[in-house]
Protein chains: 2
Amino acid sequence: MSRSKAYKSDVKAALHETATDLYEAGLIDKKTMRGFDESCLTPVAPLTPREIRALREREHVSQTVFANYLNVTPNLISKWERGEKKPSGPAAKLLSLVEKHGLTAVA
Amino acid sequence: MSRSKAYKSDVKAALHETATDLYEAGLIDKKTMRGFDESCLTPVAPLTPREIRALREREHVSQTVFANYLNVTPNLISKWERGEKKPSGPAAKLLSLVEKHGLTAVA
DNA sequence: TGATTCTATGGTACTAAGTACTAGATTGCA
DNA sequence: TGCAATCTAGTACTTAGTACCATAGAATCA
């Protein structure tokens, strides 16, 4: 089940590596690289407080453990889940990584 | 080359999944889970401005493309590399992920 | 030659994320 | 009974991150 889940990102990884190889061979330029890379990116969707909590509970971890994975304080996880604060750009990216690939993707 | 690099994290991923399975089977409690998870985490080291730039150039991407991967603005990448701002907790975590697993790990 | 685009720097100003501290209520375990 | 973990809650502070702006070098193409 995790195999089909990882399929898309695997394709993207292969695309990026192919593009990187072509770049290093001098066959494509940076401008092309940019096009490749941006089309490879998975969009990060802003998560609601309850989505964040559901995500954490899906992984069977406490707020403290979850905080350790994301390199933030446990207090901030609580604030996210109660809607007192909203994840910043990098934080939202981390959350979407966990959502799509599981906690082990950010271990 | 990338195989030996991924070895440690693969072991950790396996450990986490084993612990998760044991938890779902009711054989270990959350307290034990916590011990498992925290020992699985790779510590994030604060990166210097020039380390951040070296990391980006290692991946052959512009500041703009790099920013898209990390879900921040290109201006912030510039500030990181010039030492005007320092990456926050979640941002540092993302950078260490790129450092250890490459850009495709955050695609 | 000029025109255009990408790249990166530099600055200013503002919003709010993230941190650190505290305390309280709850649960479960010894 | 006490001890520890979990989560909530609040306060106050620092600064990361954003949104603008203008500038300049390098590369590409007419």
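From the N terminus on, chain A runs α-α-α-α-α-α-α, a total of seven helices and zero strands. The model is predicted.

**Chain A overall**
- Chain A has 107 residues, of which 39% count as buried.
- Its accessible surface comes to about 6,000 Å², and carbon and sulfur atoms hold 54% of that area.
- When contacts in chain A between residues at least 6 apart in sequence are considered, 54% of them join residues at least 24 apart.

**The largest nonpolar core**
- The largest nonpolar core comprises 42 residues, and A:Leu70 and B:Leu70 have the most contacts inside it.
- Leaving aside residues up to four places away in sequence, A:Leu70 touches A:Ile77, A:Trp80, A:Leu94, A:Leu95 and A:Val98 within chain A, and B:Gly89, B:Pro90 and B:Lys93 in chain B.

**Helix 5 of chain B**
- The buried residues in helix 5 of chain B are B:Ile77, B:Ser78, B:Lys79, B:Trp80 and B:Glu81.
- The buried residues of this helix pack against helix 3, helix 4 and helix 6 of chain B.
- B:Gly83 follows helix 5 of chain B and has a positive phi, near 80°.

**The surface near DNA strand C**
- There are 22 residues around DNA strand C, and those that come nearest are A:Lys85, A:Ser88, B:Arg53, B:Gln63 and B:Arg82.
- Of the atoms of DNA strand C that come within 4 Å of the protein, 71% belong to sugar and phosphate.
- By class, this surface has eight charged, eight polar and six nonpolar residues.

- At the phosphates, an N or O atom in the side chain of B:Gln63 is 2.6 Å from a phosphate oxygen of DNA strand C.
- A:Thr73 places a backbone N or O atom 3.1 Å from a phosphate oxygen of DNA strand C.
- At the bases, the side chain of B:Asn75 has an N or O atom 2.8 Å from a base oxygen of DNA strand C.

Methods. Residues numbered from 1 in each chain as written. Chains lettered and ligands numbered in written order. Predicted model: local features only at pLDDT ≥ 70, side-chain atom pairs only at ≥ 80, totals over all residues. Heavy atoms only, no water. Core = buried A, V, L, I, M, F, W, Y, C linked by side-chain atoms within 4.5 Å. Buried < 20%, exposed > 50% of the residue type's maximum accessible area, 1.4 Å probe, protein only. Contact = heavy atoms within 4.5 Å. Near = heavy atom within 4 Å. Polar contact = N/O pair within 3.5 Å; in protein donor to acceptor, adjacent residues only side chain to side chain. Nonpolar A, V, L, I, M, F, W, Y, C, P; charged D, E, K, R; others polar. Helix = DSSP H or I, 4+ residues; strand = E, 2+ residues; numbered from the N terminus. Areas by Shrake-Rupley, 256 points an atom, 1.4 Å probe, with all protein chains shown as cover.
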